[in-house]
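This report looks at the fold of one protein chain and then at a few of its residues. Please keep the sequence and the structure in view while reading.

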Amino acid sequence: YQRRVHGTLSECLFFFDMFDLEGRRAEMSHVVNARELMGYASAVVDERLPWYFDTTQAGGIVAHPVFLWSIEWPVLMELMSGVPPGAVHCSEDLHLHRPVRAGDHLHTVGTVVGVVGRVVTARFETTDAERRPVATSWKGTLLPRVAGALR
């Protein structure tokens with residue numbers, strides 16, 4: 001990308017070909033462990049909820065639904081590599097097909113499925129070791145300081 005400065009850094013415009021993002025694909029595998037599930041849950045929910053913290057319950061603990069963000073995030077960063085700074089998460093549509101549990105071997109594939117104006121939409125498919133669906137999500141990213149090559 002090319003940077004053109006007009007005053008302060010917040011007024012910078014970046015010239016970037018948004019069409020280069022279409023069809024980008026990235027993937028990553030991850031083995032879920034109980035410690036990360038409890039750490040994530042303790043940051044976002046009430047610690048008294050046993051399904052997130054009681055390792056003695058049948059089936060073990062389950063992940064907070066939004067825990068999947070932590071697995072999808074590195075995939076999103078790879079999809080958006082080379083994008084000028086200032087991107088803003090602007091939409092989320094998460095569909096859980098089953099709970100995530102400690103010990104799950106997950107595989108996430110992210111694909112840029114749309115570019116409209118300054119908004120990039122990516123679809124994420126997360127499956128387990130048997131390739132059964134775990135979650136599907138769509139994330140929108142706004143690139144407010146990009147100029148040029150827009151639809």
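The text below goes from the whole chain to the sheet, then to one helix and some loop residues.

**The chain as a whole**

The structure is a predicted model, and everything said here should be read with that in mind. The protein chain has three helices and eight strands, and from the N terminus on these elements follow one another as β-β-β-α-α-α-β-β-β-β-β. Of its 151 residues, 35% are buried, while the accessible surface amounts to about 8,100 Å², with 56% of that belonging to carbon and sulfur atoms. Among the contacts with a separation of 6 or more, 66% are between residues 24 or more positions apart in the protein chain.

**The five-stranded sheet**

Five strands form an open sheet in the order β3-β5-β6-β7-β4, and their pairing is antiparallel. Strands β3 (25–31) and β4 (88–96) stand at the edges and have a single partner strand each, so one side of each is left without a neighbour in the sheet. From one strand to the next, the twist averages 20°.

| Strand pair | Bridges, sense | A residue pair |
|---|---|---|
| β3 and β5 | seven bridges, antiparallel | A26 and G110 |
| β5 and β6 | nine bridges, antiparallel | H107 and T127 |
| β4 and β7 | eight bridges, antiparallel | L94 and S137 |

Strands β5 and β6 also make a hairpin with two residues between the strands, and in this hairpin G117 takes a positive phi near 60°.

**Helix α3 and what covers it**

Helix α3 covers residues 68–79, and its 12 residues reach 17 Å from the first C-alpha to the last, which is close to the 16 Å expected at 1.5 Å a residue. Which residues of α3 are buried? They are L68, W69, I71, E72, V75, L76 and L79. These residues cover an arc of only 155° around the axis, and therefore they lie on the same side of α3. The elements that cover the buried residues of α3 include the strands β3, β4, β5 (105–116), β6 (119–127) and β7, together with the helix α1 (34–44). The edge strands β3 and β4 are thus both among the elements that cover the buried residues of α3.

**Residues in the loops**

H64 lies in the loop between α2 (50–53) and α3. Is H64 buried or exposed? Its relative accessibility is 15%, and because the cut-off for buried is under 20%, H64 counts as buried. Leaving aside residues up to four places away in sequence, H64 touches Y40, V44, V45 and Y52.

The loop between β6 and β7 holds A129 and also R131. A129 has a relative accessible area of 54% and is exposed, and R131, at 62% relative accessibility, counts as exposed as well. The phi of R131 is near 65°, a positive value in a residue other than glycine. Although A129 and S29 are 100 residues apart in sequence, their C-alpha atoms are 9.6 Å apart in space.

Note on methods: Residues are numbered from 1 along each chain as its sequence is written. This is a predicted model: local features need pLDDT of at least 70, side-chain atom pairs count only at pLDDT 80 or more; totals for chains, interfaces and linings use all residues. Side-chain values use heavy atoms; hydrogens and water are left out. Helices (H or I, at least four residues) and strands (E, at least two) are DSSP runs, numbered from the N terminus. Buried means under 20% relative accessible area, exposed over 50%, partly exposed in between (1.4 Å probe, protein chains only). Contact means heavy atoms within 4.5 Å. Accessible areas come from the Shrake-Rupley method with a 1.4 Å probe; for residues, only the protein chains shown count as cover. Two strands pair if DSSP finds at least two bridges between them. Axes are lines fitted to C-alpha atoms, for helices over the stretch in contact, and angles run from 0 to 180 degrees between N-to-C directions. The expected span of a helix is 1.5 Å times one less than its number of residues. The arc is that of the directions from the helix axis to the C-beta atoms.
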